[in-house]
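Trainee: Could you take me through one part of this structure slowly, the place where the two chains meet? I'd like to see what sits there and what lies around it.

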There are 2 protein chains.
Amino acid sequence: MAGDHSDVWLQTSSFLREKERYLVVSHLHPDGDAIGSTLAVKAMLEHLGKEVVLTNESPIPPKFQFLPGCDRILPPTELDGCSFDGVVAVDVADRERMGVVWEYIPADIPLLNIDHHPTNDRFGTVNLVVEDAAATAQILYTVAKVMDIPFSSSLALALYTGLLTDTGGFRYSNTTPEVMEMAASLLRHGVNAGEVADRVIETMSRGQLALLQRGLSNLRFTADGRVGWIWLTRLDFQESGAEEDDLDGIVNYARNVIGVDVGLLFRETEGDKVKVSLRSREIVDVAELAHSFGGGGHARAAGCTLTGSREEVEPMMLERVNACLEGGRE
Amino acid sequence: MAGDHSDVWLQTSSFLREKERYLVVSHLHPDGDAIGSTLAVKAMLEHLGKEVVLTNESPIPPKFQFLPGCDRILPPTELDGCSFDGVVAVDVADRERMGVVWEYIPADIPLLNIDHHPTNDRFGTVNLVVEDAAATAQILYTVAKVMDIPFSSSLALALYTGLLTDTGGFRYSNTTPEVMEMAASLLRHGVNAGEVADRVIETMSRGQLALLQRGLSNLRFTADGRVGWIWLTRLDFQESGAEEDDLDGIVNYARNVIGVDVGLLFRETEGDKVKVSLRSREIVDVAELAHSFGGGGHARAAGCTLTGSREEVEPMMLERVNACLEGGRE
């Protein structure tokens with residue numbers, strides 16, 4: 001990975017060595033890669049003898065709070081009075097994804113942007129954007145190697161958490177031999193694979209359970225079982241006591257049933273807006289489908305927002321999906 | 001792994017080279033490790049120029065039928081007229097686990113027993129039993145290396161399927177660095193990690209979905225949310241159109257909810273028998289608990305069978321679990 005654009009790896013390395021006080025930030029509603037990458041940069045910088053302040057606009061979900069150093073991730077309101085001469089943004093595709101944290105960063109402070117999103121708009125002073133990395137944690141693993149930073153148990157744990165999250169627990173198509181070799185190496189540095197998977201992937205909040213119960217009882221099929229969909233009302237969401245993150249993965253249940261090619265999750269939001277998540281197995285390119293409604297994503301996982309009542313939105317969308325199935329790829 | 005008992009590795013190697021016609025068998029109700037290991041031995045023996053017959057008492061579940069050679073696994077009724085001078089049993093802890101296949105094996109035919117179950121009773125002529133292997137597929141991977149058998153794409157796919165299954169998709173505590181290194185190596189030999197995980201782990205049958213819907217809607221909590229349990233009636237099972245295998249994993253939903261230490265699945269079977277699956281997170285040793293009811297298992301996953309009505313069995317068992325929670329380990 002380091003061979004491809006060696007200049008930027010050198011610039012990254014210099015950036016992490018030449019300043020004294022760093023602010024590390026990731027995207028709001030942080031997932032395991034955002035949090036793991038934040039904590040990995042902390043471990044690396046502290047090894048280099050630097051002062052580090054960590055921040056995130058959103059609170060850290062309970063299931064990640066076992067990660068050492070998580071309590072050091074401050075809300076931006078606590079940044080007043082902190083000074084820093086460098087910013088490291090990890091897993092952030094553009095500055096808006098930082099939320100209000102962006103407003104706390106003076107325009108003249110140099111920023112190192114380390115990310116793997118193809119949509120990254122290179123908003124940093126130095127931009128280490130590696131689109132074919134499975135996770136930002138995978139890029140940081142290479143940074144640590146390039147810089148000869150030893151893998152302490154907390155660095156290894158933070159990186160493993162990021163890798164595990166963004167490969168869907170080594171189940172997505174981004175699970176390459178390099179990903180597995182990195183995982184093996186991190187386990188050799190003391191990570192307990194079973195414990196991390198248990199905490200990060202297997203654990204369900206009560207809200208998540210309540211949403212899943214409602215979601216599964218509302219799962220319907222059409223097109224001879226080739227399309228499965230779930231509709232969640234605002235009431236479902238409120239009564240579940242669920243958070244935004246609790247929706248993660250529910251759409252997969254619709255797609256995972258044998259015979260289904262396209263799974264959809266419709267979720268009512270404010271006004272008459274309906275958020276639609278789409279997953280497909282083989283036939284339909286859901287990115288193209290979502291794009292035609294102003295959304296986006298990948299061929300197998302995409303999303304868009306529609307406007308209208310359930311009576312309008314649901315049949316219209318299902319008809320479009322059916323048409324795509326009939327015609328092969330959208 | 002090969003270093004530990006090198007005699008038996010040599011005997012294994014000789015066994016696989018010195019005969020001409022082999023029967024390969026695994027346990028009934030085969031899972032991914034049973035099927036993957038069966039197909040891996042087939043690939044290895046065919047590379048050595050041997051004739052191979054594969055058998056299993058049970059049909060191969062649809063989700064494994066993408067594996068090349070699966071259609072070659074014959075029911076034992078089709079073994080009449082097949083002759084063989086060696087038997088290879090994979091992932092079989094004792095001869096009863098083969099079901100009726102055992103009756104088709106003449107007593108004078110030498111048998112190679114390759115397995116990782118600690119309960120294996122060494123029923124073979126040669127017994128390659130490696131208890132600390134995560135999967136029988138992991139033992140076969142070493143056999144192939146010791147014997148210098150190249151990893152064809154079908155051998156690699158069969159082994160990866162076994163490894164993936166028995167590590168719970170790299171989530172169980174048996175996910176060691178060696179497991180990850182083996183996975184990396186198999187991916188380098190052409191396995192598509194995303195595709196295999198999708199087919200083997202993510203895919204749900206309609207029966208499994210129906211059982212999960214019923215199971216989740218019946219999930220209850222007690223002991224301040226430290227115990228979660230699901231009761232499935234015979235009617236739930238019949239109306240779901242579910243198979244025995246479709247129960248797999250449902251008990252985990254009870255255990256996975258935040259705050260739960262013990263998850264239970266009660267399932268009514270014939271007469272007034274109730275099968276109980278137990279999973280625990282940290283506190284209760286469910287193996288000891290199950291053992292006190294004549295069952296068994298591991299500290300974190302165990303099972304037993306009780307006799308009685310729901311009114312008798314459910315409160316009695318939950319009280320016992322509560323007592324274990326109060327007293328720490330059972």
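Mentor: Let's start with charges: there are ten salt bridges between chain B and chain A. Keep in mind that this is a predicted model. One of the pairs you can look up is Arg281(B) with Asp198(A), whose side chains meet in a salt bridge at 3.5 Å, N to O. Polar contacts are counted as well, and between chain B and chain A they come to 19 residue pairs, both residues being at pLDDT 80 or more.

So which parts of chain B do the touching? On the side of chain B that touches chain A, the elements giving two or more residues are helix 5, helix 6 (193-202), helix 7 (206-217) and helix 9 (250-256) of chain B. Helix 5 of chain B gives the most to that side, with eight residues.

Now for the overall extent. The size of an interface is often given as the accessible area lost when the parts come together. Here chain B and chain A bury about 3700 Å² between them, and 57% of that is on carbon and sulfur atoms. In residues, 40 of chain B are in contact with 40 of chain A.

Next, hop over to chain A and find its helix 5, residues 177-188. This helix has twelve residues and reaches 17 Å from its first C-alpha to its last, close to the 16 Å expected at 1.5 Å a residue. Nine of the twelve residues are buried, so helix 5 of chain A is largely enclosed by the rest of the structure. Among the buried ones are Pro177(A), Val179(A), Met180(A) and Leu187(A). And what covers them? Part of the cover comes from chain A, including its helix 3 (136-146), helix 4 (153-166) and helix 6 (193-202). Just after helix 5 of chain A, look for Gly190(A), which takes a positive phi of about 105 degrees.

One last stop, the cysteines. Counting a disulfide as two cysteine sulfurs within 2.5 Å, the total over all chains is zero. Take Cys70(A): the closest cysteine sulfur, in Cys82(A), is 18 Å from its own, so that is too far for a bond. Cys324(B) is in no disulfide either, as the nearest cysteine sulfur, that of Cys304(B), is 11 Å away. Are these two cysteines buried or exposed? Cys70(A) is buried, with a relative accessible area of 6%, and Cys324(B) counts as buried at 1%.

Conventions
Residues are numbered from 1 along each chain as its sequence is written. Chains are lettered from A and ligands numbered from 1 in the order in which they are written. This is a predicted model: local features need pLDDT of at least 70, side-chain atom pairs count only at pLDDT 80 or more; totals for chains, interfaces and linings use all residues. Side-chain values use heavy atoms; hydrogens and water are left out. Helices (H or I, at least four residues) and strands (E, at least two) are DSSP runs, numbered from the N terminus. The expected span of a helix is 1.5 Å times one less than its number of residues. Buried means under 20% relative accessible area, exposed over 50%, partly exposed in between (1.4 Å probe, protein chains only). Contact means heavy atoms within 4.5 Å. Buried area is the accessible area (1.4 Å probe) that two parts lose on being put together, summed over both. A salt bridge is a side-chain nitrogen of Lys or Arg within 4 Å of a carboxyl oxygen of Asp or Glu. A polar contact is a pair of N or O atoms within 3.5 Å; within protein, one must be able to donate a hydrogen and the other to accept it, and residues adjacent in sequence count only if both atoms are side-chain atoms.
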